[in-house]
Amino acid sequence: MMLEVEERAVERDRGSSHDFAQLFRDDGPGLWRTIYAFTGGRRDIAEDVTAEAFARGLAYADTIRDPLPWLYRTAFRLAQEELRRERRRRAPEPWDQQDPPEVAGLMQALRELSPKQRAAIVLRYEADLPVAEVARRMGIAQPTVRVHVHRGRAHLRELLGDNEVDDD
Amino acid sequence: MTERWQDEVKRLGDLEPSDDIWRRAEQGPQGETGPSLPPRRQRVVAGVVAFVVFLAAGGFAWRALRPPVERSVGSDLDPSIVVILRILERDGVSLPTATLRVDDRTILGGGSTTHWQSAGTVESPPDFTDGDFTPLQRGSLLGAAGDAESVDAELQQPGTFPFQSVVSFGQLSDAVKLDQPIGRYVLRLTGHWLQGNATFYFPIDLLDQAVIARPDADAAVLTFVGKNAPTATLDYGDGQQDGLRTTYTWCQDSSHCVQGTVDFTTGYPPAVDHLPIPAGTRLTIEGDATAIAGIFRPKGDSGNEPVNVDGNAIPQTPGRYVLQLDVEFDQSSATFFLGVEATSATPTSVQSVNELAGSSWSLASIDGAPVPKGARPVTLQFTADRLGGVDGCNSYGAPYRVDGTSIQVDGFQSTAMMCTGGGTMERAKALYEGLRSATSFELTTDQLTITSPTTSLTFEPAAAP
C-alpha cells in the first residue's frame, strides 16, 4: 500500500497590516453592544472598555495574530476588572442608569443571567454568529458556549415568555 | 416565527455607541501607564494569599507526581463519573455518541437512537451480559459534559426492555448523587441536540464502598492517546496492533492547528493486518479520548451493513473485520483503522460451567476451627466473574476465574474500617489470605471449601434474607 502523508501547519500571519480603523467601523458597534449586555447595561463601562481595547489593539498591532477575537477577549477582561473594582469600592447599584426604553424589558431580564450567558446570547442571537465564532470571541470552548446559550435562553424564555418557535 | 425574547434581543442592534470612541482609542491606552501600587494592607493580603496558593499548588503537584500507590478502599476512592454526549461527524453524517468516564476508564454507551435527523426513528433494545455491568461506587457523583443542549438521566431496573424506572434525575444540569441501594441498574441517558434526541444505556453495578478493579483479564484493550499526533493501540494477549491513522487535527489554540491526512490507495477500508481475538471478547477502552464512535466493517465490505461497536465487544460472528474509529480528544481528533480477526475459539473460562456463579455463602470455619456463635457474619457471594461480601467489618470484592475446580482471585480490594473485639479482624485477615492465594474449591449442596497452600475456608449456604 502506498501511503502519502501530508502535514500542514495552519497559522495566520502575524502582522501590523490589520486595519483597525476598518475593524472599528465593521465590528466596533457589535463589540460595544456585547460589552453593554455583558455588563448588564453599563453604557459607560462599555464605551470605556471598547475604546481601551481598540487603543491597546493599535498599540500592539505588530504582535496580534487575529485581532477580532483578541479585541473581544481584551474587552471582556477589562469589563470584568472594572465591575470587580466597583464591587470592591462598594459603588452604588449600577442599575440606577436609565435603560433605553426600547430595550428596558430585555435589559431587566438579562440582568437575571450571568455575564457570560448575556454575552453568549447577544453574540449568538443579536449578532447571529455560529457557536464556533462565539467561542472564539469569548475565548471559551464551544460546549461551554452551548451551555451558556442553553441556560440563558431557557431563563429568558421564562422571564419574557414565549410565543413559539420554529427555528430551534 | 421567532420567540419574544429573540425579538427583544434583536432590538439591541438598534443601540449605537457614542461617536467619540474611535477618537479616544487613537489617543492610546489609558490603563497601561504602569499600575499604581495598591495600598500596603492590600499588598500584604495579596502576599499571604499567594503563599497559600503556592502551598496548595505544591500539595496538588505532590498528589499528582508522587509514586503510584496501590489503590485500596478507604484511601482515595471517590470516582467522579462523567457522561460525555457528543456528536461526531462521519462521512458527512453526524452521529450522536456517549461515553462514560470513570477515573481513567472509558465505557461506550450501548444505545438506541431516537428521533435523529439523519436516521429517522430507530429503537434497538440494549442487550447486556453479566460482564457488561460496570462496577461503580455507591454515592459517586454523576455529571454530564459534551455538546448536547441538555441531558436527561434515569436509573432503571434491568430486565425486559423497556426497563422499569427506579428514579428519574431529570435534566443533568448539576451533578447528581448515585446513592441508591447497592445492586444492578441501567443508567439511561438521553441527549438533546438541535439534530434530535438520542438515548444511551449503561449497565452499572452500584457497590457499597467496594471497589472496583478491572474485571476483565480477558478483555481486549483499546488505548487512545490524544497528544500532538493521536494514537490508537489494540492489545489482546501478547498481540498488539497500532491503529492506522488516516486523518487528524491538533489545535494548540483557536488559530494554530496542525492537520494530517494519509491518502491510502488500496480502496476503502484501507488494508490493515488483522489481530486474532476470540469472537465476542469484550473491549476495554483506556486513554484520554472524550468521544468515540466505532464501527466494525466486515472485510471487503465497502460500508454496507457495518456492525456498530455497541456493547464494547468484538463481533460474535467469526471473520475478518476492519474497525473504524472516529475519536475526539480535548485538543485533537482523529480517524483510525484497525484490523480484527474474530476467531471462533473462545477462552476456556467462558466455555466452562461456573458452578459458583449466583451462590451466596457464610463462613463456617477456618482451617477446621469453627467461627464462634454470635460473631459478626462473614459473607461471600459470587457473580459470573466477581466475588465479594462482608468480612465481618469491611466490604470486599475481587474478580475471579474458575476452570473446573481451580479458582484464581485477582485484584482483591476492600474497605478499610477498623473493628475491634471478637476476633473480627483476625477472621478477616484469614479470609483474605485464603481467598487471595486460593487454588481450588470443592462444592457440595451444603458446603463450599476454598483451599489455598496455607488456608482452608469452609462456607455454609447463606441464610435467605
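How many aromatic pairs are there over all chains? I began my notebook with that count.

**Entry 1: ground rules.** I am looking at a predicted model, where local features need pLDDT of at least 70, side-chain atom pairs count only at pLDDT 80 or more, and totals for chains, interfaces and linings use all residues. Residues are numbered from 1 along each chain as its sequence is written, chains are lettered from A and ligands numbered from 1 in the order in which they are written, and side-chain values use heavy atoms, with hydrogens and water left out.

**Entry 2: aromatic rings.** I noted the pairing rule: rings of Phe, Tyr and Trp (its six-membered ring) pair if their centres lie within 6.5 Å, and planes under 30 degrees apart count as stacked, over 60 as edge-to-face and the rest as tilted. By this rule I have 10 aromatic pairs over all chains. One of them is stacked, because the rings of Trp32(A) and Tyr36(A) have centres 5.2 Å apart and planes at 25°. These two residues sit 4 residues apart in helix H1 (residues 20-38) of chain A, so about one helical turn separates them. For helices (H or I, at least four residues) and strands (E, at least two) I use DSSP runs, numbered from the N terminus. Both Trp32(A) and Tyr36(A) are buried; buried means under 20% relative accessible area, exposed over 50%, and partly exposed in between (1.4 Å probe, protein chains only).

Next I looked up Tyr125(A) and Trp5(B), whose ring centres are 4.9 Å apart with planes at 85°, so I wrote this pair down as edge-to-face. The pair crosses between chains, from helix H5 of chain A to helix H1 (residues 4-11) of chain B. Both Tyr125(A) and Trp5(B) are buried. I also found a cluster in which ring pairs link Phe24(A), Phe54(A) and Trp22(B).

**Entry 3: two residues and their contacts.** Is His148(A) buried or exposed? His148(A) counts as buried because its relative accessibility is 16%. I found His148(A) in helix H7 (residues 142-160) of chain A. Leaving out residues up to four places away in sequence, His148(A) touches Lys116(A), Gln117(A), Ala120(A) and Ile140(A); contact means heavy atoms within 4.5 Å.

Cys393(B) is in the loop between strand E26 (386-390) and strand E27 (395-403) of chain B. At 11% relative accessibility, Cys393(B) counts as buried too. With residues up to four places away in sequence not counted, I list Met417(B), Met418(B), Cys419(B), Thr424(B) and Met425(B) as residues that Cys393(B) touches.

**Entry 4: positive phi.** Asp128(A) has phi near 60°, a positive value in a residue other than glycine. I located Asp128(A) in the loop between helix H5 (115-126) and helix H6 (131-138) of chain A, and at 52% relative accessibility Asp128(A) counts as exposed. Asp367(B) has phi near 50°, a positive value in a residue other than glycine. Asp367(B) is in the loop between strand E23 (360-366) and strand E24 (369-370) of chain B, and is partly exposed, with a relative accessible area of 48%.

**Entry 5: confidence.** Chain B averages a pLDDT of 73, and 69% of the residues score at least 70; pLDDT is the predictor's confidence in each residue, from 0 to 100. Over residues 210-215 of chain B I see pLDDT under 50, and the model has 24 contacts there beyond four places in sequence. Residues 346-351 of chain B also stay under 50, with 10 such contacts. For the complex, the predictor gives an ipTM of 0.81 and a pTM of 0.37.
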